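Trainee: I have a protein model open and would like to learn how to read it. Can we go through it together?

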Amino acid sequence: MHYGGWVDMGDFSARGRTKDELYALFKKCPLGKSDGGCWPCWNGQIHICARSLCGTLQGLIPSKKGVDFVDIFDETANKRDIMMNILNSDYITACDYCSGDFGTTDPAKRRKPAEQITEG
Ligand code: SF4
């Protein structure tokens, strides 16, 4: 199983985390800083993680172009620099709109693929 199983990313509400909390999440998240991100691309945007991409495209996360994601149609942007800046940043906007559990070390938060969850 990828990273030991699925995790619940939670809803898209803002958690109101501090900068230190956001930094700690982004640093340990394999979709963020710890494994270099996964860099999905859709509808002209490249984000470091799918949570950021999906939430932004649906208008649920107020990510900033050139700061949180690359606009591949912006011919004036230095896309390589933007991607490096994202990877080297302390966190991205989306980290406050996410459970942050993808980097968890708690096995109780992981679910086997295809295993039904009946709680909640
Ligand atoms: S938004 Fe969530 S999944 Fe994406 S880098 Fe931040 S903590 Fe990880």
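Trainee: Where is the place of Ser 52?
Mentor: This is a predicted model, so local features need pLDDT of at least 70 and side-chain atom pairs count only at pLDDT 80 or more, while totals for chains, interfaces and linings use all residues. Residues are numbered from 1 along each chain as its sequence is written, and side-chain values use heavy atoms, with hydrogens and water left out. Helices (H or I, at least four residues) and strands (E, at least two) are DSSP runs, numbered from the N terminus. Ser 52 falls within residues 50-57, and that run is helix H2.

Trainee: Is Ser 52 buried or exposed?
Mentor: Here are the cut-offs: buried means under 20% relative accessible area, exposed over 50%, and partly exposed in between, with a 1.4 Å probe and protein chains only. Ser 52 has 0% relative accessibility, so it counts as buried.

Trainee: Which residues is Ser 52 in contact with, leaving aside its neighbours within four places in sequence?
Mentor: Contact means heavy atoms within 4.5 Å. With those neighbours set aside, the list for Ser 52 is His 47, Ile 61, Ser 63, Ile 92 and Ala 94.

Trainee: Let's zoom out. In what order do the elements of the protein run from the N terminus on?
Mentor: The secondary structure comes to three helices and three strands. Reading from the N terminus on, the order is α-β-β-α-β-α.

Trainee: What radius of gyration does the protein have, and what would a compact globule have?
Mentor: This radius is taken over C-alpha atoms, and the globule rule is 2.2 Å times the number of residues to the power 0.38. With 120 residues, a compact globule would come out near 14 Å, which agrees with the protein's 15 Å.

Trainee: How many residues does the largest nonpolar core have, and which have the most contacts inside it?
Mentor: A nonpolar core is a set of buried Ala, Val, Leu, Ile, Met, Phe, Trp, Tyr and Cys residues joined through side-chain atoms within 4.5 Å. The largest one has 19 residues, and those with the most contacts inside it are Met 9, Leu 31, Ile 48, Ile 92 and Phe 102. H1 and H3 are the elements that give two or more residues to this core.

Trainee: Which residues of H1 are buried, and what arc do they cover?
Mentor: The buried ones in H1 are Leu 22, Leu 25 and Phe 26. The arc is that of the directions from the helix axis to the C-beta atoms. These residues sit on the same side of H1 because they cover an arc of only 95°.

Trainee: What do the buried residues of H1 pack against?
Mentor: Look at Leu 22, Leu 25 and Phe 26 again, the buried residues of H1. Their packing partner is H3.

Trainee: Which residues form the aromatic pair, and is it stacked or edge-to-face?
Mentor: Rings of Phe, Tyr and Trp (its six-membered ring) pair if their centres lie within 6.5 Å; planes under 30 degrees apart count as stacked, over 60 as edge-to-face and the rest as tilted. By this rule there is one aromatic pair. Tyr 3 and Phe 102 form it, at 5.4 Å centre to centre with 70° between the planes, which makes it edge-to-face.

Trainee: How many residues apart are Tyr 3 and Phe 102?
Mentor: The pair links distant parts of the chain. Tyr 3 is in the segment before helix H1 (19-28) and Phe 102 in the segment after H3, so the two are 99 residues apart.

Trainee: Which charged end sits over the ring of Phe 102?
Mentor: A charge sits over a ring if NZ of Lys or CZ of Arg is within 6 Å of the ring centre and within 35 degrees of the ring normal. For the ring of Phe 102, the charged end lies 5.7 Å from the centre and belongs to Arg 110.

Trainee: And which one sits over the ring of Phe 12?
Mentor: Here the charged end is 3.8 Å from the ring's centre. The residue it comes from is Arg 51.
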